[in-house]
Amino acid sequence: MKKGWLLLLLVGILGIAQAQTVKIGLTVSKTGKYNVESVNQLNGIKLWQQWINGQGGIPVGGKKYKVELKYYDDESKAERVQQLYSRLISQDKVDFLISPYSSGLTAKAAIISEQYGKVMVATGAASDSIFKLGYENVYQIYTPASRYLTSTVDMLKAADPSLKKIAVVYEDSKFAKAVATSAREYAKKIGFDVVLFEGYPKSTTDFGPIINKIKASGAEALVGGGHYADGATFARQLFEQKVPLKMIALLVAPASDEFAELGDAAYGVVAPSQWEPLVKYQQNCGPSPAQFTEMYKKAYGKVPAYRAAGGFAAGLILQKAMMDAGSIDSAKVRAALDKMDLTIFFGKIKFSTDPKSHGLQLGHEMVQIQWQKKDGKLVKEIVWPTNAKTSDLIYPIR
Amino acid sequence: MLQIFSSVMDGLLIGLVYGLAAIGLTLIFGVMDVVNLAHGSIIALGMFFLYLFFGAGLHPYLSLVPVAILGFFFGVIVYLIAVKRIISGPPLMSLLSTFSVSMIIIGIGTALWSTSPYNINFKVETYNILGYTVTSARLIAAVAAVLVTFGLYFFLYRTVLGKAVRAVANNREAAELMGIPSQQILAISFGIGTMLAMLSGALIATLFPFTILSGGVYELKSFVASVLGGLGNPTGALLGGIILGLIEGSVAPFIQISWTNVIEFVIFVLILLFFPTGLFGGRK
């Protein structure tokens with residue numbers, strides 16, 4: 001009898017030794033203004049957890065680590081983020097961190113991760129400024145705001161090297177203005193003549209005055225925009241006013257599916273997007289874009305948006321870094337992240353190692369989508385970069 | 001040159017629609033000294049009524065008729081419930097009361113339609129006149145605004161009921177002594193003011209996308225236009241609207257668009273200081 005108990009105890013101890021876990025902590029905006037986006041992102045992270053645990057865990061240095069996620073609701077509030085990330089590190093003893101959704105909240109979480117020297121992979125945060133503070137532990141997955149429209153400008157240059165005059169028109173919000181400003185600098189640098197650089201107020205519905213200015217400026221292409229409502233209205237009025245632009249690229253609005261409701265006004269409009277389910281990247285590790293999309297659909301019954309893809313990508317990058325490091329030690333994983341240069345289903349990933357911009361995403365490029373017509377129906381096609389595209393750019397559109 | 005011409009034309013066309021909204025506000029003030037803070041949300045409601053009729057398959061311009069009828073009765077109901085009992089009280093009471101109506105409309109509207117933008121998606125023709133591009137929607141909205149204004153004048157000056165409205169506006173007690181049932185006249189006036197606000201909202205909805213919160217912008221413009229034209233003076237309000245539209249259009253080529261509001265409100269303050277009864281005189 002006594003022997004039996006001992007045997008059971010031994011099996012138990014062995015079992016524990018076998019099932020190693022790595023704890024990853026984050027906060028999720030289950031309530032508040034980022035609710036929808038943040039939960040989407042969490043869905044992606046959870047899917048990654050299921051996927052890797054389904055394979056027995058992350059293979060690190062001959063052992064397999066099961067992933068355990070620890071998360072709390074941050075109510076979309078900065079104060080909560082700071083409290084909760086401290087708690088995740090000091091009480092829950094997590095090994096690694098993933099950021100909350102949004103640049104604002106990530107900036108707060110980054111302060112904590114830096115104080116405790118914990119590695120944090122930032123997803124859902126496109127701000128550049130977080131990575132200009134000399135942080136050593138924070139790594140960005142998204143293309144930063146400063147490069148949102150630069151690849152659009154590259155695409156335009158490739159499509160029509162003779163075109164010179166472009167207009168940059170943006171919504172007067174922090175994000176859009178930052179994007180537009182760096183788009184202008186970049187456009188000038190590669191030889192465009194920025195004939196109009198102008199902001200419009202956030203609640204603008206009448207774009208008449210702006211459109212008259214665009215016409216008067218003689219611009220042949222337009223990049224800019226802001227958020228959904230203004231972008232959709234802008235596109236509609238550009239179409240109604242028959243502004244002779246060869247390319248129209250707007251932030252955010254055309255990337256969402258509702259944009260098709262604009263009908264003919266949507267045709268030809270280009271938008272940068274962090275990721276699209278149809279991209280054709282050749283990944284070095286993890287699932288292919290199609291496999292990820294399929295897994296996601298099976299788990300949640302809908303096509304993943306880029307935020308969900310960003311969530312999965314954050315997990316995958318941490319996993320790859322642990323595998324490369326052969327350890328779950330923070331310093332070794334940090335070194336592996338610094339060295340990382342690979343392509344996953346989400347695109348290319350490479351972090352800046354310059355001390356002034358450490359962790360800033362350098363490899364990932366925005367994909368450009370364009371609304372095109374297939375059998376008389378409006379469809380989103382990926383037209384840039386060339387290694388991800390599903391269709392050729394239609395140019396000029398008018 | 002062409003740009004300035006385009007800007008001025010655009011400003012004129014949209015200004016007529018602002019003017020119509022301002023007439024709705026100024027009429028109610030002129031007749032009963034009530035500053036209707038529900039004006040903006042009523043404009044937004046007009047947009048959504050149009051959206052509902054359009055959704056039911058009616059052409060947007062045909063939908064203006066049921067929107068106008070609904071607007072009139074809606075106004076009468078609001079008057080009877082929220083304005084009638086306090087009309088002789090201090091001005092603050094009617095301010096608070098109409099503000100509450102506004103909050104109720106926005107609350108219900110948010111629950112029904114959320115605050116996301118809606119669109120009236122119908123076929124719009126584009127005309128090119130010597131390089132100036134204009135859409136049929138803008139032309140029709142401006143023409144409709146003018147027609148409704150003519151209609152209002154015909155009503156006020158050529159019908160017995162309209163004359164009664166003017167009499168009550170002039171001197172309620174004297175009008176009552178002459179046997180005019182002032183309560184009914186006030187209800188009718190509030191109904192007409194509301195109808196005009198809803199019509200202007202519906203016309204704006206044919207041009208631009210809207211949310212249940214969109215009314216706020218046009219409420220502000222209505223205030224500025226009414227004060228420009230002299231509070232209580234419908235013609236003044238229409239002209240005020242046109243001036244507002246012209247300012248918006250004509251300053252745009254020369255400054256950053258974000259500055260338009262600054263210029264608009266600086267002019268507003270100057271008018272209040274130097275022409276307290278507006279450019280075209282107060283109540284007539």
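The legends below describe several close-up views of a predicted model. Local features are described where pLDDT is at least 70 and side-chain atom pairs count only at pLDDT 80 or more, while totals for chains, interfaces and linings use all residues. Residues are numbered from 1 along each chain as its sequence is written, and chains are lettered from A and ligands numbered from 1 in the order in which they are written.

**View 1. Chain A as a whole, with its two assigned domains.** The secondary structure of chain A comprises 11 helices and 15 strands, where helices (H or I, at least four residues) and strands (E, at least two) are DSSP runs numbered from the N terminus. Chain A has a radius of gyration of 23 Å, close to the 21 Å given by the globule rule for 398 residues, so it is as compact as a globular protein of that length; the radius is taken over C-alpha atoms, and the rule is 2.2 Å times the number of residues to the power 0.38. Along the principal axes, the C-alpha atoms of chain A fill a box of roughly 95 × 45 × 35 Å. The domain assignment, which is automatic or from a database, gives domain 1 (19-143 + 279-350) and domain 2 (147-273 + 366-384) of chain A, and the C-alpha centres of these domains lie 31 Å apart.

**View 2. The open sheet of 6 strands in chain A.** The strand order is β2-β3-β1-β4-β5-β6, with mixed pairing, two strands being paired if DSSP finds at least two bridges between them. The edge strands, each pairing on one side only, are β2 (58-60) and β6 (138-140) of chain A, and the twist averages 30 degrees from one strand to the next. β1(A) and β3(A) run parallel and are joined by 9 bridges, with A:T21 standing opposite A:K66 in β3(A). Strands β4 (residues 96-98) and β5 (residues 120-122) of chain A are likewise parallel, joined by 2 bridges, and A:I98 has A:V121 of β5(A) as its bridge partner. Helix α2 (residues 35-54) of chain A lies across β1, β2, β3 and β4 of chain A, running at about 160 degrees to β3(A).

**View 3. Two hairpins of chain A, β2-β3 and β12-β13.** β2(A) and β3(A) pair in the antiparallel sense over 3 bridges, with A:P59 opposite A:K64 in β3(A); 2 residues lie between these strands, and A:G61 in the turn has a positive phi of about 50 degrees. In the other hairpin, strands β12 (residues 341-344) and β13 (residues 347-350) of chain A run antiparallel and are joined by 4 bridges, A:L342 having A:I349 as its bridge partner in β13(A), and 2 residues again lie between the strands.

**View 4. The crossing of helices α6 and α8 in chain B.** The axes of α6 (residues 160-170) and α8 (residues 182-205) of chain B come within 10 Å and cross at roughly 100 degrees, which makes α6(B) roughly perpendicular to α8(B); axes are lines fitted to C-alpha atoms, for helices over the stretch in contact, angles run from 0 to 180 degrees between N-to-C directions, and roughly perpendicular covers 65 to 115 degrees. The contact involves B:L161, B:A164, B:V165 and B:V168 of α6(B) together with B:S182, B:I185, B:L186, B:I188 and B:S189 of α8(B).

**View 5. The side of chain A that touches chain B.** Here 23 residues of chain A are in contact with 22 residues of chain B, contact meaning that C-beta atoms, placed from the backbone, lie within 7 Å. β8 (193-200), α7 (208-217) and α8 (228-240) of chain A each supply at least two residues of this side, and α7(A) gives the most, with 7 residues.

Note on methods: Two residues are in contact if their C-beta atoms, placed from the backbone, lie within 7 Å. Angles under 35 degrees count as roughly parallel, over 145 as roughly antiparallel, 65 to 115 as roughly perpendicular and the rest as oblique.
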